[in-house]
Amino acid sequence: MKKFDTENLILNKQDVENKIKRIGLEIIEDNINCSKIILFGISDNGKLITQKLMGHINKISNISVDLIQVNVNNESLEYDNKFDILNQSIVIIGDVSQSGKTLQMVISDLMKYKPSKIKTSVIINRDHSLFPVKIDYSGLILSTSVKEHVDVVIDKNDDLSVYLS
């Protein structure tokens, strides 16, 4: 197991929470005329971030918010619930954007359901995109080398911290 210490801490739990709140505000502003948005959380980390986003959005907005978890298994996608996104605003949420491959897979799959718009959000945008994905809402844009690794760590209280290794 990796050892994480303050020497390579990028964002502590309060920093991450503040980033999530700001992203929530941006999502509300971008969807002010929508009655509903659907948030797709990628894997467990994306789902937890999405749940936290939903809490912030629900506190300050009347926009209805649904959560769908997306799991990526060997280049295929699995959704935890059925959904209808026809003419709906959706946001795909992950923890870290590395190459953009996972986001591109989800975007491509969801396009066949004809949403009104698709936006993307991550806590850390490493900006090493190999795929044509634009990150619409990011907590932090981090310039790193390809050899460095960004870890989003969840503690026993479901608080998130971000480390560089």
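Visitor: Which residues do ring pairs link into a cluster?
Guide: A pair of aromatic rings is described by the distance of the centres and the angle of the planes. Rings of Phe, Tyr and Trp (its six-membered ring) pair if their centres lie within 6.5 Å; planes under 30 degrees apart are stacked, over 60 edge-to-face, the rest tilted. Here the cluster is Phe40, Tyr79, Phe83 and Tyr113.
A word on the source: this is a predicted model, where local features need pLDDT of at least 70 and side-chain atom pairs pLDDT 80 or more, while totals for chains, interfaces and linings use all residues. Residues count from 1 along each chain as its sequence is written, and side-chain values use heavy atoms, leaving out hydrogens and water.

Visitor: How many aromatic pairs does a search of the whole structure find?
Guide: Four. One of them joins Tyr79 and Phe83 edge-to-face, at 4.9 Å centre to centre and 70° between the planes. In another, the centres of Phe83 and Tyr113 are 5.1 Å apart with planes at 70°, so that pair is edge-to-face too. It links distant parts of the chain, 30 residues apart: Phe83 sits in the loop between β4 (76-79) and β5 (89-97), Tyr113 in the loop between α3 (101-111) and β6 (117-125). Helices (H or I, at least four residues) and strands (E, at least two) are DSSP runs, numbered from the N terminus.

Visitor: Where is serine 138 found, and what does it touch?
Guide: Ser138 is in strand β7 (residues 137-141). Contact means heavy atoms within 4.5 Å; leaving aside residues up to four places away in sequence, Ser138 touches Arg22, Ile23, Val122, Ile123 and Asn125.
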